[in-house]
Structures are given as structure tokens and as C-alpha cells.
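The sequence and the model are shown below for reference.

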Amino acid sequence: MSREEDFERGLANRRAVLGDEWVQRSLDRATTFTADYQNMITRYAWHDIWSRPGLPHKARRMMVLAVTLSLGRWEEFELHVRAALTAPDESRLTPDELKEVLLQNAIYAGVPAANTAFNLAQNILREVAAQIGYDLASADPRQADLFGAGSQPQP
């Protein structure tokens, strides 16, 4: 496979994961200084890694959210939260799946990082709630049931 084919396949993955608008904006902003970098990440990250058969895109999305939260890379975190919630395919995360990723990472990345992540994710949820059919309503934390009504913790 040629480098050009790697680029085109990576570009297709990049568009599928992040959306056409975001990717096109990145490409349109490329300059003589950044074009090599855009080419490299499209071929290596978006083709060589995202095309691997070992994990479905949904799992890769969760991993990216965990890492960007852990590293405090909030611009990337927001990009991937929005893309995960609005994905048009089976890689889409539900708000509850996103919440579980953030809760899991609160333990490993720390509460301050999780505070920021929950705040940013909730802001994005407010923006896309109607689009994805999610009711973001007020709730009393004293009434929260961590394991769901009558369910048991998972091993």
C-alpha cells in the first residue's frame, strides 16, 4: 500500500471518528509548516492504529477519553467527547457509557481531573442533548443509586 493510500484510508477513519466538519477545518488550516504533521498523524494515528482489527472503534474512543482526561489534554478531550456522543454508528457512546468512563478514571487519574472532565462533558451534553435524544435533568446526589435500581456491582 502506498503512502497516499495510507493517507486516504486514514482520512476516512479520521472523518468517521471526528466528523467531516472538524477534519475539513483541520485540513483547511494546514500550512507549509503544519502539512507534514497533518499527513503524518493521518497516516499513522488514523490509518495504522485506528484501522487495526484488535479493538472496535468504540473501545478506542473510550481509551482516548481516558488518556486525554488523565493527561489533562482538555482540547482533545472535548473534541472526542463531542465525537463520541454524536457518532452516527456503533462506535457512539451513550451518555451513561461516557459517565462510566469518567467515573472509572476519577479513581486512576484523580478527582481534580474528573471534576474538569465532568464539567466539560456536561457542557457538551447540554449542547447535543436534543440531537442525541438525551434528557439532561436536575438530580439530587443524595438520591443517586450507583448500582442502578436493584442491580448488583459488576465483578
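This is a predicted model: local features need pLDDT of at least 70, side-chain atom pairs count only at pLDDT 80 or more; totals for chains, interfaces and linings use all residues.

In which helix is the place of Thr-42? Thr-42 lies in helix H3, which covers residues 35–49.

**Overall architecture**

The protein has seven helices and zero strands, and its elements, read from the N terminus, run α-α-α-α-α-α-α. The C-alpha trace extends over about 55 × 30 × 30 Å along its principal axes. Of the 155 residues, 32% count as buried. Among contacts with a sequence separation of 6 or more, 63% involve residues 24 or more positions apart.

| Residue | Helix | Relative accessibility |
|---|---|---|
| Thr-42 | H3 | 0% |
| Thr-68 | H4 | 9% |
| Asn-13 | H1 | 14% |

Thr-42 is buried, with a relative accessible area of 0%. Leaving aside neighbours within four places in sequence, Thr-42 is in contact with Asp-6, Phe-7, Gly-10, Leu-11, Arg-14 and His-47.

Asn-13 belongs to helix H1, residues 3–18. Its relative accessibility is 14%, and the cut-off for burial is under 20%, so Asn-13 counts as buried. Not counting residues up to four places away in sequence, Asn-13 touches Trp-46, His-47, Trp-50, Ser-51 and His-57.

Thr-68, in helix H4, counts as buried at 9% relative accessibility. With residues up to four places away in sequence left out, Thr-68 touches Arg-73, Glu-76 and Phe-77.

**Helix pairs**

How do the axes of H1 and H2 cross? The axes of H1 and helix H2 (residues 20–28) come within 7 Å and cross at roughly 130°. That angle makes H1 oblique to H2. In this pair, Leu-11, Arg-14, Arg-15 and Leu-18 of H1 meet Asp-20, Trp-22, Val-23, Gln-24, Ser-26 and Leu-27 of H2.

For H4 and H5, the axes come within 9 Å and cross at roughly 155°. Angles over 145 degrees count as roughly antiparallel, and H4 and H5 are therefore roughly antiparallel to each other. Their crossing is left-handed. On the H4 side, Arg-61, Val-64, Leu-65, Thr-68 and Leu-69 meet Trp-74, Glu-76, Phe-77, His-80, Val-81, Ala-83 and Ala-84 of H5.

**Helix H7**

What does helix H7 span between its end C-alpha atoms? H7 (residues 111–132) spans only 28 Å, whereas a straight helix of 22 residues would span 32 Å at 1.5 Å a residue. H7 bends by about 45° at Arg-126. Its buried residues are Ala-113, Ala-114, Ala-117, Leu-120, Ala-121, Ile-124, Leu-125, Val-128, Ala-129 and Ile-132. These residues pack against helix H4 (57–71), helix H5 (74–86) and helix H6 (95–109). H7 is followed by Gly-133, which has a positive phi near 70°.

Methods: Residues are numbered from 1 along each chain as its sequence is written. Side-chain values use heavy atoms; hydrogens and water are left out. Helices (H or I, at least four residues) and strands (E, at least two) are DSSP runs, numbered from the N terminus. The expected span of a helix is 1.5 Å times one less than its number of residues. The bend at a residue is the angle between axes fitted to the seven residues ending there and the seven starting there. Buried means under 20% relative accessible area, exposed over 50%, partly exposed in between (1.4 Å probe, protein chains only). Contact means heavy atoms within 4.5 Å. Axes are lines fitted to C-alpha atoms, for helices over the stretch in contact, and angles run from 0 to 180 degrees between N-to-C directions. Angles under 35 degrees count as roughly parallel, over 145 as roughly antiparallel, 65 to 115 as roughly perpendicular and the rest as oblique. A crossing is left-handed if the near helix is turned anticlockwise from the far one by less than a right angle, and right-handed if clockwise.
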